[in-house]
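Trainee: Could we go through this model together, one question at a time? I would like to see how each answer is reached.

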Amino acid sequence: MPVLDLMSGFIVELRNAGLPVSLTENLDAMEAVKVIPIEDREAFKYALGATLVKNNAHWRVFETIFEIYFSLRGPEYAITQDGQPDDFWREMQEQMARGQGEGQGAGGGMDSLTPEEIMSMLMRALMSGDQAMMRALARQSVQRFAGMEPGRPVGGTYYLYRTLRNLDLDNMLAKLMDANREMSKQDLTALEERLEKDEFESRIEQFKQEVESEIRRRLVADRGAEAMAKTLRKPLPEDVEFMHASRDEMQSLKKALYPLTRKLAARLARKRRHGRKGPLDFRNTVRHSLSYGGVPAEPKFRYPRPAKPELMVVADISGSVAAFARFTLMFVYAIQNQFSKVRSFVFIDGIDEVTQYFKATEDIGEAINRVNTEADVVWVDGHSDYGHAFEVFWERYGKDISSKTTVLLLGDARNNYHAAQSWVVKEISKRARHVYWLNPEPKSYWNTGDSIVGEYGAFTDGVFECRNLRQLEGFVENLT
Amino acid sequence: MRVKPRFNDVATVRAGLKKVNYLADDGIAGVVFLADRLGKPVLIEGPAGTGKTQLAKSVAELTGARLIRLQCYEGLDESKALYEWNYKKQLLRIQADKNSDSWSEIHDDIFSEEFLLTRPLLEAITSEDPVVLLIDEVDRVELETEALLLEILSEYQVSIPELGTITAKQIPLVFLTSNNTRELSEALKRRCLYLHVDYPDLEREKEIVLNKVPDISQNLADQIARIVRSIRQLDLKKPPSVSETLDWARTLMLLGIETIDAEEAKETLHILLKYQTDIAKAAKELSVTK
């Protein structure tokens with residue numbers, strides 16, 4: 001396939017994945033491809049990245065798609081046929097043989113190696129950090145252990161699992177550490193040992209990635225780039241749904257959260273300072289007119305200084321929405337200098353204030369852990385009961401709500417058919433400046449089954465769908 | 001306006017940057033090369049202290065160009081970034097010729113280049129000798145001010161109502177840096193090549209230390225790079241930057257330490273980390289026995 005066709009398919013896929021690639025950027029990429037040869041794959045990748053990806057959070061998605069579309073280009077990236085070793089591998093074998101004398105496995109080709117031998121070779125490669133060897137072994141083990149069947153529409157996770165299980169990679173770290181301890185003459189200090197461990201971990205991680213990309217290349221060769229791209233398509237970090245995030249996605253969400261909050265805080269602060277001009281400041285104008293001989297040449301205006309809102313966050317932390325509540329709490333606390341006062345409450349069927357957990361430590365992760373373990377939120381059976389929780393909230397903290405307070409209610413309003421007690425929300429909204437409800441469920445699920453978000457929502461200033469970071473960010477921005 | 005490319009290929013850029021003591025990785029060298037070939041500005045983003053500004057400086061040094069720097073801040077405006085009329089001089093001109101010249105002549109005269117004060121952006125494109133333009137921390141200006149940059153970034157020209165359009169005599173290399181405190185506008189991003197400079201990997205960091213700290217031993221540099229990598233993997237408020245790594249290396253040199261043990265590492269952590277909670281966390285991590 002000519003490069004141009006490949007490129008257009010590639011860019012269509014980037015757009016499908018949600019990256020905003022404009023026409024000019026597309027043209028720039030074409031221009032870049034002219035001056036960077038496709039054979040230099042790293043440079044080629046960075047050239048495309050520099051012209052097409054303008055947000056670092058999108059880099060991983062870009063990388064995956066790049067690999068799918070361009071991994072089969074260039075001679076050294078061709079797939080080896082089963083049974084015939086590629087040149088590279090043969091070379092490695094010879095090097096090995098030369099290095100160790102004719103002792104083991106020499107001349108036989110890698111097919112005659114037993115799995116144990118492959119494993120011990122892998123261990124040696126990991127010990128010495130031999131990159132080329134690791135790559136060769138990754139290829140070899142995929143060919144042997146993955147048991148790939150042509151034509152199956154899968155993403156390769158299963159093959160990865162099979163390959164890694166056969167190599168017993170889980171215990172590899174411990175083994176490497178043991179071997180390392182034996183090898184070194186004197187005892188390692190704790191610090192050195194820790195550094196060694198980090199080093200091995202990163203090498204193992206690297207090997208895993210080699211295996212993964214090898215599997216992917218084989219799948220692409222089997223099924224074509226487009227089909228593969230479709231199978232592997234993943235949402236961008238800001239579009240990942242809180243409720244259905246996998247562990248990996250959770251991690252990347254967490255990483256995306258911090259820069260996002262910083263950005264948002266900066267933007268909010270700026271918005272506060274640079275509001276519209278207020279009415280004429282007479283006093284100030286007269287004061288400045290003195291330097292013009294009494295002519296008010298430079299009118300001065302009052303800048304509005306809107307008060308920072310007080311915030312009360314009431315979050316459902318029952319199992320079904322825990323991930324969502326966690327994120328929202330982290331988010332609120334990360335930008336809390338934008339609010340004059342933030343108080344937070346969590347509930348399942350009982351309710352408890354958790355503000356002090358956040359005050360006590362600077363580490364948000366730790367605070368959330370304490371919330372989840374120490375807060376007293378179970379009243380009867382530990383199933384959500386919004387009605388009871390709200391009632392208690394009103395009883396205990398209702399008097400603290402003032403006309404400056406904005407109340408945020410977080411949850412899916414799945415009340416397990418308990419009494420709704422929606423009068424509480426009505427009373428709250430009478431007192432507070434605003435009451436908003438954030439619901440992590442897709443809109444189409446609202447008011448189905450035991451969800452009674454409509455009943456509560458009627459008394460609030462708005463119910464918002466809040467399924468991903470993008471929506472959460474948009475909401476907070478409108479809040480101040 | 002085609003100009004002779006400054007670099008032959010990516011490898012040349014990389015080698016050249018190394019000569020001026022900047023260790024680039026593939027991505028950095030590739031984007032610099034591309035910026036030259038395509039004649040496009042480069043927008044550099046990344047955590048603080050990873051050498052974003054230094055890259056522009058080093059490229060200037062490498063190409064033998066003059067570095068023109070525009071430091072952005074909130075409230076930056078046209079008269080500080082682009083150009084300004086020299087009012088005082090204009091006033092003098094009018095008063096000096098009070099009797100002789102006709103009105104229209106003076107009028108034309110006082111809006112000529114003689115009375116123009118060039119600010120960094122205009123200076124960069126009117127310069128005869130090669131320049132590298134560095135627009136530092138562009139995320140600090142307001143969204144509206146960004147628009148000031150658009151014309152110069154895409155066309156390399158500045159339009160002055162009284163004078164007409166001034167076009168660049170040569171295309172300068174332009175670098176914009178951003179600390180990512182806000183999302184830059186699409187219009188700006190579209191006109192630039194994007195480069196994300198992250199913390200360097202182990203090998204590169206070690207080389208940077210070896211390069212920038214005189215007389216440091218291989219062994220110590222290696223150890224420093226590895227400890228810093230381990231610390232960066234922790235969940236910290238502010239992971240140590242490259243400049244902090246270098247500070248730490250220099251400190252250890254001053255203290256005459258050859259190999260770091262856990263105790264010494266803990267005592268000097270405050271050079272790497274700037275938050276008390278981070279320091280406590282790292283100290284705990286480093287002294288764990290397993």
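**Two chains and their parts**

Mentor: Let us begin with the contact between the chains, which takes 35 residues from chain A and 35 residues from chain B, where two residues are in contact if their C-beta atoms, placed from the backbone, lie within 7 Å. This is a predicted model, in which local features need pLDDT of at least 70 and side-chain atom pairs count only at pLDDT 80 or more, while totals for chains, interfaces and linings use all residues. Residues are numbered from 1 along each chain as its sequence is written, and chains are lettered from A and ligands numbered from 1 in the order in which they are written.

Trainee: Which helix gives the largest share of the side of chain A that touches chain B?

Mentor: Helices (H or I, at least four residues) and strands (E, at least two) are DSSP runs, numbered from the N terminus. On the side of chain A that touches chain B, at least two residues each come from helix 2 (23-35), helix 3 (41-52), helix 10 (190-223) and helix 12 (247-273) of chain A. The largest share, seven residues, is supplied by helix 10 of chain A.

Trainee: In chain B, which strands stand at the edges of the sheet?

Mentor: Five strands of chain B form an open sheet in the order 2-5-8-1-9, with parallel pairing; two strands pair if DSSP finds at least two bridges between them. An edge strand has a single partner strand, so one side of it is left without a neighbour in the sheet, and in chain B this holds for strand 2 (66-71) and strand 9 (193-196).

Trainee: Which residue of strand 9 of chain B stands opposite B:L43?

Mentor: Strand 1 (residues 42-45) of chain B pairs with strand 9 of chain B in the parallel sense, over four bridges. In strand 9 of chain B, the residue opposite B:L43 is B:Y194.

Trainee: Which residue of strand 8 of chain B stands opposite B:V42?

Mentor: Strand 1 of chain B also pairs with strand 8 of chain B, in the parallel sense and over four bridges. Strand 5 (residues 131-136) of chain B pairs with strand 8 of chain B in the parallel sense over four bridges too, and there B:L134 stands opposite B:F175. For B:V42, the residue opposite in strand 8 of chain B is likewise B:F175.

Trainee: How many residues of strand 8 of chain B are buried?

Mentor: A residue is buried if 20 or more other C-beta atoms lie within 10 Å of its own, exposed if 12 or fewer, and partly exposed in between. Both faces of strand 8 of chain B are covered, with B:L173, B:F175 and B:T177 buried on one side and B:V174, B:L176 and B:S178 on the other. For strand 8 (residues 173-178) of chain B, the count of buried residues is therefore six of six.

Trainee: Why is B:V59 counted as buried?

Mentor: B:V59 lies in helix 3 (residues 52-63) of chain B, and, leaving aside neighbours within four places in sequence, B:V59 is in contact with B:V32, B:V132 and B:L173. B:V59 is buried because the number of other C-beta atoms within 10 Å is 27.

Trainee: How far apart are the C-alpha centres of domain 2 and domain 3 of chain B?

Mentor: The domain assignment of chain B, whose bounds come from an automatic or database source, gives domain 1 (10-77 + 124-196), domain 2 (83-118) and domain 3 (202-283). Between the C-alpha centres of domain 2 and domain 3 of chain B, the distance is 59 Å.
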